[in-house]
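Hi everyone, thanks for making time. Let me put it on the screen.

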Amino acid sequence: MQTRDAWNATYNALAAPHRRDTTALRRRLLRLSVRLWWHPSGETIRSAPAARTELRQMTCTRGATRA
């Protein structure tokens, strides 16, 4: 969940207008994407895409409860 939170924060920062540090943000987003892609949760659930979707939904739900 921490990796997904970091991915969301990085993605949102990259989407902000007039950013100057986009190269560093893109690299971070790529590293985080790789970590999410190879996360072990994909091995325990039959479908890796389903595992990533579930992780994303859990993160979004958790973010909504914080607001």
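Let's begin with T3, which sits in helix 1, residues 2-15. A quick reminder that we are looking at a predicted model.

Is T3 buried or exposed? Its relative accessibility is 16%, and the cut-off for buried is under 20%, so T3 counts as buried.

Now, what does T3 touch, once we set aside its neighbours within four places in sequence? The answer is L32, R35 and L36. With R35 there is also a polar contact, side chain to side chain, at 3.3 Å.

Helix 2 covers residues 22-37, and helix 1 packs against helix 2 at an angle of about 150 degrees, the axes being 9 Å apart. Because angles over 145 degrees count as roughly antiparallel, that is how helix 1 runs relative to helix 2. The crossing of the two is left-handed.

Who makes the contact? From helix 1, the residues are T3, R4, A6, W7, T10, Y11, A13 and L14. From helix 2, they are T22, L25, R26, R28, L29, L32, S33, R35 and L36. By type, the residues of this contact split into nine nonpolar, four polar and four charged.

Finally, let's zoom out. The protein chain has four helices and zero strands, giving the pattern α-α-α-α along the sequence. Of its 67 residues, 21% are buried. And for contacts with a separation of 6 or more, 50% link residues 24 or more positions apart.

Thanks, all, and over to you for discussion!

Conventions
Residues numbered from 1 in each chain as written. Predicted model: local features only at pLDDT ≥ 70, side-chain atom pairs only at ≥ 80, totals over all residues. Heavy atoms only, no water. Buried < 20%, exposed > 50% of the residue type's maximum accessible area, 1.4 Å probe, protein only. Polar contact = N/O pair within 3.5 Å; in protein donor to acceptor, adjacent residues only side chain to side chain. Contact = heavy atoms within 4.5 Å. Axes fitted to C-alpha atoms, helices over the stretch in contact; angles between N-to-C directions. Parallel < 35°, antiparallel > 145°, perpendicular 65-115°, else oblique. Left-handed = near helix turned anticlockwise from the far one by under 90°. Nonpolar A, V, L, I, M, F, W, Y, C, P; charged D, E, K, R; others polar.
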